[in-house]
Amino acid sequence: ADPLAAPASAAGTTTLKALMGTYICEVPGGGRCLIKIVESKGDFVAASNRKDWPPSILDARGDLVFLRTSPGVWGQIKSSGTGKVITFSNGILWRAAEGSLKGNGKGYGDVQ
């Protein structure tokens with residue numbers, strides 16, 4: 001178990017629900033992909049269209065987001081004039097995509 005990941009609290013659930021949607025993920029060195037945050041089986045899950053990134057259950061504490069599949073990595077939630085941004089401790093950036101990409105998560109790490 002990741003000692004940094006806290007169990008979902010009412011405040012954490014509210015934070016994660018507000019983050020649901022599609023993000024453009026910018027990786028240091030210039031790589032990009034899409035991330036979709038969805039609610040699945042009572043958890044909030046981030047799934048990528050990159051095959052080498054498995055879906056990860058998310059936890060939140062205040063303005064911080066933790067990926068259970070990446071112990072020690074945390075993201076800080078910020079709002080900008082263009083929407084929500086999550087800046088991760090490993091240099092990865094998730095920027096809310098404009099509009100809403102339709103779909104049920106298929107193609108995003110097989111989230112059910």
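Student: By the rule applied here, how many disulfides does the count come to?

Tutor: This is a predicted model, in which local features need pLDDT of at least 70 and side-chain atom pairs count only at pLDDT 80 or more, while totals for chains, interfaces and linings use all residues. Residues are numbered from 1 along each chain as its sequence is written, and side-chain values use heavy atoms, with hydrogens and water left out. A disulfide is taken as a pair of cysteine sulfur atoms within 2.5 Å. By this rule the count of disulfides is zero.

Student: Which residue holds the cysteine sulfur nearest to that of Cys25?

Tutor: Cys25 is in no disulfide. The closest cysteine sulfur is 3.9 Å away, and therefore too far for a bond. That sulfur belongs to Cys33.

Student: Is Cys25 buried or exposed?

Tutor: Buried means under 20% relative accessible area, exposed over 50%, and partly exposed in between (1.4 Å probe, protein chains only). Cys33, at 7% relative accessibility, counts as buried. Cys25 has a relative accessibility of 0%, so Cys25 is likewise counted as buried.

Student: What pattern does the chain follow along its sequence?

Tutor: Helices (H or I, at least four residues) and strands (E, at least two) are DSSP runs, numbered from the N terminus. The chain has one helix and eight strands. Read in order, they give the pattern α-β-β-β-β-β-β-β-β.

Student: In what order do the eight strands run around the closed barrel?

Tutor: Two strands pair if DSSP finds at least two bridges between them. S5 and S6 (residues 74-80), for example, pair in the antiparallel sense over three bridges, and Val65 has Gly75 in S6 as its bridge partner. S1 and S8 also run antiparallel, joined by four bridges. With antiparallel pairing, the closed barrel runs S1-S2-S3-S4-S5-S6-S7-S8.

Student: Which residue in the hairpin of S7 and S8 takes a positive phi?

Tutor: S7 and S8 run antiparallel and are joined by three bridges, with Ile86 opposite Trp94 in S8. Four residues lie between the strands of this hairpin. The residue there with a positive phi, near 95°, is Gly91.

Student: With which residues is Arg95 in contact, leaving aside its neighbours within four places in sequence?

Tutor: Arg95 lies in strand S8 (residues 93-96) and is partly exposed, with a relative accessible area of 32%. Contact means heavy atoms within 4.5 Å. Beyond its sequence neighbours, Arg95 is in contact with Tyr23, Ile24, Glu26, Lys84 and Val85.

Student: Which residues have the most contacts inside the largest nonpolar core?

Tutor: A nonpolar core is a set of buried Ala, Val, Leu, Ile, Met, Phe, Trp, Tyr and Cys residues joined through side-chain atoms within 4.5 Å. The largest such core has 19 residues, and the most contacts inside it belong to Leu19 and Trp94.

Student: Which element supplies the largest share of this core?

Tutor: Elements giving two or more residues to the core include helix H1 (10-19), strand S1 (21-26) and strand S2 (32-40). The largest share is three residues, and it comes from S2.

Student: What percentage of the residues in the chain is buried?

Tutor: The chain has 112 residues and exposes about 6,300 Å², of which carbon and sulfur atoms supply 56%. The buried residues make up 36%.

Key:
Areas by Shrake-Rupley, 256 points an atom, 1.4 Å probe, with all protein chains shown as cover.
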